[in-house]
Amino acid sequence: MSTQNVTPASEVAIMADRLRRVLRLVADATSITASAATLEVLMAVAANEDTPVLEIARKLEAPATTVSRQLLDLWIKARDRYPGFGLVEPVADPLDMRIKRYRLTIKGKALMTKVQAVMYGTPSN
């Protein structure tokens, strides 16, 4: 049995610690615990700002309806009419007003700066 693709236990521990710290950062920013799928959508928006729902869904290989619901939760008003997380905002497409593109809010950018610092092991403010 080959062990070439096995990650050493110390690296797994480091990755697990970083993941816990990211989840804590998001919980602190949103006052609740977001699902891993919602975090994935947030990271997709951060990596590709001003992207429409269908494109985000395609990149994540997820149903557009699911991504749309998660974006609502990440916005200022969640789908259940309770306050959302305020991490993303929709912007009308300048060529087709029916299409909404999503980008990070100031709060979302601040959170993603902290997340990236944790994930890449760099110091943050």
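What follows is a short exchange about a predicted model.

Colleague: What is the mean pLDDT of the chain, and which element has the highest confidence?
Modeller: The structure is predicted, and the chain averages a pLDDT of 84. Of the residues, 88% score at least 70. Confidence is lowest in α1, at a mean of 80. The highest, at 95, belongs to β3.

Colleague: How many helices and strands are there, and what pattern do they follow along the sequence?
Modeller: There are five helices and three strands in the chain. Read along the sequence, the pattern is α-α-β-α-α-β-β-α.

Colleague: Is Tyr 102 buried or exposed?
Modeller: Tyr 102 sits in strand β3, residues 100-104. Its relative accessibility is 7%. Buried means under 20%. Therefore Tyr 102 counts as buried.

Colleague: What does Tyr 102 touch, and how far in space is Glu 89 from it, C-alpha to C-alpha?
Modeller: Leaving out residues up to four places away in sequence, Tyr 102 touches Val 45, Glu 49, Asp 50, Thr 51, Val 53, Leu 71, Val 88, Glu 89 and Pro 90. Glu 89 is 13 residues from Tyr 102 in sequence. C-alpha to C-alpha, the two are 5.6 Å apart.

Colleague: Is Tyr 120 buried or exposed?
Modeller: Tyr 120 belongs to helix α5, residues 106-120. Exposed means over 50% relative accessible area. Tyr 120 has 62% relative accessibility, so it counts as exposed.

Colleague: Which residues make the nonpolar surface patch of about 320 Å²?
Modeller: Tyr 120 is one of the residues in this patch.

Colleague: What should helix α2 span, and how far apart are its end C-alpha atoms?
Modeller: Helix α2 has 12 residues, 36-47. The expected span takes 1.5 Å times one less than the number of residues. That expectation is 16 Å, which agrees with the end C-alpha atoms, also 16 Å apart.

Colleague: Which residues of α2 are buried, and what covers them?
Modeller: Buried in α2 are Thr 38, Leu 39, Val 41, Leu 42, Ala 44 and Val 45. Val 45 also touches Tyr 102. The cover includes α1 (9-30), α3 (53-60), α4 (64-74), β2 (88-92), β3 and α5.

Terms used:
Residues numbered from 1 in each chain as written. Predicted model: local features only at pLDDT ≥ 70, side-chain atom pairs only at ≥ 80, totals over all residues. Heavy atoms only, no water. Patch = residues over 30% accessible without salt bridge, like charges linked within 9 Å, V, L, I, M, F, W, Y side chains within 5 Å. Areas by Shrake-Rupley, 256 points an atom, 1.4 Å probe, with all protein chains shown as cover. Salt bridge = Lys/Arg side-chain N within 4 Å of Asp/Glu carboxyl O. Helix = DSSP H or I, 4+ residues; strand = E, 2+ residues; numbered from the N terminus. Buried < 20%, exposed > 50% of the residue type's maximum accessible area, 1.4 Å probe, protein only. Contact = heavy atoms within 4.5 Å. pLDDT = per-residue confidence, 0-100.
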